[in-house]
Amino acid sequence: MFGARSALRRLGHAGGRSKHTLPDLPYDYKALEPIISADIMHVHHDKHHAAYVNNLNAAEEKMSEALAKKCTQSIISASVAIKFNGGGHLNHSIYWTNLSPNGGGEPKGDLLEAIKKDFGSFESLKSIMSARAVGVQGSGWAWLGYNPKTQRLQVANTFNQDSLIDTEGLVPLFTIDVWEHAYYLQYKNVRPDYVKAIWDIANWENVAER
């Protein structure tokens with residue numbers, strides 16, 4: 001998971017024994033209402049994302065110890081924990097910045113032209129990506145990514161907390177979190193309503209910068 005590891009370093013793990021930290025939200029907890037409630041934001045950011053950060057730091061400590069002891073089983077166990085919690089930290093850090101109280105509407109400029117080129121229209125992209133998000137069985141993510149090999153935009157899914165660049169080789173641009181903790185307190189089991197609503201707070205400026 002070298003791609004994810006380099007991304008994690010950019011998220012505040014400068015090297016050595018420094019710790020990963022929970023990033024602040026770029027807006028107030030209630031800023032995304034009524035699409036996403038303040039209650040969900042507090043639980044999602046302060047509890048779930050924080051847990052990924054804390055568990056990632058603990059797993060990296062265990063990895064250091066395992067490498068020092070040259071214990072293969074411990075190295076494998078730590079690797080699994082780093083992949084899961086590192087992916088959770090990375091994915092959520094993208095998700096928060098992909099959203100904005102001033103978002104919604106259509107993207108502009110080069111991003112919109114790329115979407116039209118690869119999907120036909122923005123509405124077509126929304127339809128395809130929404131279907132992929134709603135269709136995730138269990139927990140996971142729907143993504144709009146950039147494929148460096150084909151130089152095209154592409155929609156994909158990742159499951160659990162897998163990172164997009166490691167599983168699909170795509171540069172992450174925009175994501176929809178469909179773990180139940182992202183929406184259940186507000187939308188209950190009606191995931192399609194959450195997916196439909198989230199487009200109204202999509203931060204296309206952030207997506208274009210990626």
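Biologist: Why is the pairing of Lys 83 with Asp 162 called a salt bridge?

Modeller: In this predicted model, the closest N and O atoms of Lys 83 and Asp 162 are 3.8 Å apart. The criterion asks for a side-chain nitrogen of Lys or Arg within 4 Å of a carboxyl oxygen of Asp or Glu. The pair therefore qualifies as a salt bridge. Between domain 1 and domain 2, the count is 1 salt bridge.

Biologist: Where do domain 1 and domain 2 lie in the chain?

Modeller: The domain assignment gives residues 38-98 to domain 1 and residues 109-209 to domain 2. Their centres, taken over C-alpha atoms, are separated by 22 Å.

Biologist: How do you know that domain 1 and domain 2 are in contact?

Modeller: Contact requires heavy atoms within 4.5 Å. By that criterion, 17 residues of domain 1 are in contact with 24 residues of domain 2. There are also 13 residue pairs in polar contact between the two domains, counting pairs with both residues at pLDDT 80 or more.

Biologist: Which elements supply the side of domain 1 that touches domain 2?

Modeller: Two or more residues each come from α2 (38-69) and α3 (72-97). The largest share, 10 residues, comes from α3. By residue type, this side divides into 7 nonpolar, 8 polar and 2 charged.

Biologist: Why is the size of an interface given as an area?

Modeller: It is often expressed as the accessible area lost when the parts come together. For domain 1 and domain 2, about 1600 Å² is buried between them, with 60% of it on carbon and sulfur atoms. On the side of domain 1, Ile 40, Tyr 95 and Asn 98 lose the most area to domain 2, together 40% of what that side buries.

Biologist: Which residues does UniProt mark with the feature "binding site"?

Modeller: The unreviewed UniProt entry places that feature at His 44, His 92, Asp 177 and His 181.

Biologist: What makes these residues a cluster in space?

Modeller: They are spread over 138 residues of sequence, yet the largest C-alpha distance is 12.1 Å. One of them, His 92, lies in helix α3.

Biologist: What does the UniProt record place at residues 19-100?

Modeller: The unreviewed entry places there the feature "domain: Manganese/iron superoxide dismutase N-terminal". In the model, that span is 71% helix and 0% strand, and its end C-alpha atoms lie 27 Å apart.

How values were computed. Residues are numbered from 1 along each chain as its sequence is written. This is a predicted model: local features need pLDDT of at least 70, side-chain atom pairs count only at pLDDT 80 or more; totals for chains, interfaces and linings use all residues. Side-chain values use heavy atoms; hydrogens and water are left out. Domain bounds come from an automatic or database domain assignment. Buried area is the accessible area (1.4 Å probe) that two parts lose on being put together, summed over both. A polar contact is a pair of N or O atoms within 3.5 Å; within protein, one must be able to donate a hydrogen and the other to accept it, and residues adjacent in sequence count only if both atoms are side-chain atoms. Helices (H or I, at least four residues) and strands (E, at least two) are DSSP runs, numbered from the N terminus. Ala, Val, Leu, Ile, Met, Phe, Trp, Tyr, Cys and Pro count as nonpolar, Asp, Glu, Lys and Arg as charged, and the others, Gly among them, as polar. UniProt positions are given in the numbering used here, feature names are shortened, and annotations may be inferred rather than shown by experiment.
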